[in-house]
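Work through each task yourself before reading its solution.

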Amino acid sequence: MSHKMKNFYITTAIDYANGSPHLGHAYEKVLTDVIARYKRLRGESVHFLTGLDEHGQKVQQSARKAGIEPIEFCNQQAEKFHDLCKILNISNDDYIRTTEERHKKVVRALLQKLFDKGEIYKAEYKGFYSARQEQFLLEKDKNEDGTWPEIFGDVVEITESNYFFKIGKYQDWLVEYIKGHEDFIFPRFRAKQVLEFLKEPLNDLCISRPKERLEWGIPLPFDEDYVTYVWFDALVNYISAVGYGTDDFAKNWPANFHVIGKDILVPPHSVYWPIMLKALDIEIPQSLLVHGWWLSSGEKMSKSLGNIVNPLDLVAQFGTDPFRYFLMREMNVGQDSDFSADQFLTRYTSDLGNDLGNLVSRTLNMSHRYCEGIVPQSQIDEEPEKTLRDAWAETSKSAMEMYEGMQFHTSLDKTFAFIRSINRYAEQRAPWKLAKSEDAQDKLRLQTSLAYMAEGLRLSAVILAPVMPQISEKILNLLGKNAVEKFDGELEWGNSLQGSKLSPQEILFPRMQK
């Protein structure tokens, strides 16, 4: 079913209110933002959602420790995550907090619906419980030697009554669904992991926590002595935020992409979520885009290792767009990638400073020196010009295909290869030599070379817009143009800059003192 005017709907995972923003959060936001900006530039109407997951035991504990109410604690955290979005120039259309009424209302309505359908039942449960991970554990979660892995903290054995959602009966359906929908999990190799998990029979999902153990949650509509298990609450954000139960819902749903980290693929997003939707007769999202982790010298960043990179420090020092560029250039979507300050500096100095920054300086500088800062008419068409135009035709085609296939690192690689070829063209044409020549042909070559450098730079700025929106706009402004709003008509080699008044030279990527 296609809605004529359906939005391209994309979401990030909602951040958990107990932590502080780190590189992983920043990457997921930037990745999703690049896709959203790319789609808008392609002329699609986009709805981009991010938000905060605010319930659960850890939040309750942290608030207690701080001596404040949980909602106050969440408000403080929400501010940190909001700031991250602002600083990274994230273009989200909405921000959902799971403590909002619009969300709680939908969670309760869905629970009631499942309860009325007989999909939820009450049972005694005896088992091992990890407060740190807020989850019940099984024998198979133990280490070889029978101890519990450190990640679970103190594990206690408890018996309690709880409510369970019959996910077991949907297991065969889910396996078939995943096998029959190749684009449901991207990259494809992640689907194997899910199918592997589904080889074991699924236990029904405990979807409640008794209030005496946990108050900070959404009460079950059919039994107020219990609150909703945090995953059942969190996953619903994707539909509560787009007005589930209202006419507006079909404008966005199903989501085109849920962008998530690989650690929450199995079981929450690939098992619980599709089964919840199936049981409620709601369409399944089109795709889960599963990204990898940022590592530091091959190890996952963690508080205990002390190797967490605070993204805000880097942005404060180098600016938003260089940081966004680094994240997209370095990470092959779906794989893990290593983060090091040296690697960041190398990209900043070579790609941004020497290749792009240098091209901007030369273009403005020489145009002011030899053409009064006005883009001249391109007068001749010889081998070097043909070569540069051909390079652009190849670049724009493959860079756009790479954007479309989420291969942003390759798209940027190709774009910067083109930027270097404009610099090579400048070396080859050597406007500074042509300017000294008395030959009339050389005068035409001089004008042409400056026109070509400016046009090559304009096109580079346009194609970089999803990744570096501020730098793109800045370069276009320096060339006397406005920020690009649609790719359409802006990606063809032409002479729209002819007669344009260029700004004085500006340093876009100042050299960093080591």
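**Exercise 1.** Find the handedness of the crossing in which α13 passes α18, then describe how the two helices pack.

*Solution.* Start with the handedness: α13 passes α18 in a left-handed crossing (the near helix is turned anticlockwise from the far one by less than a right angle; clockwise would be right-handed). Next, locate helix α13 at residues 341-371 and helix α18 at residues 469-478; helices are DSSP runs of H or I with at least four residues, strands are runs of E with at least two, and both are numbered from the N terminus. Their axes lie 11 Å apart at an angle of about 15°, where axes are lines fitted to C-alpha atoms over the stretch in contact and angles run from 0 to 180 degrees between N-to-C directions. That makes α13 roughly parallel to α18 (angles under 35 degrees count as roughly parallel, over 145 as roughly antiparallel, 65 to 115 as roughly perpendicular and the rest as oblique).

The model is predicted: local features need pLDDT of at least 70, side-chain atom pairs count only at pLDDT 80 or more, and totals for chains, interfaces and linings use all residues. Residues are numbered from 1 along each chain as its sequence is written, and side-chain values use heavy atoms, with hydrogens and water left out.

**Exercise 2.** Now describe how α13 packs with α15.

*Solution.* Helix α15 covers residues 408-429, and its axis is 10 Å from that of α13, at an angle of about 45°. The two helices are therefore oblique to each other. Here too, α13 passes α15 in a left-handed crossing.

**Exercise 3.** Which strands pair with β5, and over how many bridges?

*Solution.* First take β5 (residues 120-130) and β7 (residues 155-165): they pair in the antiparallel sense over 11 bridges, and pairing requires that DSSP finds at least two bridges between the strands. Within β7, Ser161 is the bridge partner of Glu124. Then turn to β6 (residues 135-137), which runs antiparallel to β5 and is joined to it by 3 bridges. Tyr129 has Phe136 of β6 as its bridge partner. Finally, inspect the hairpin of β5 and β6: 4 residues lie between the strands, and Glu134 takes a positive phi near 50°.

**Exercise 4.** In what order do the 3 strands of the open, mixed sheet lie?

*Solution.* The order is β16-β15-β17. The edge strands β16 (299-300) and β17 (337-338) each pair on one side only. Strand β15 (residues 294-296) pairs with β16 in the antiparallel sense over 2 bridges, and Glu299 in β16 is the bridge partner of Ser296.
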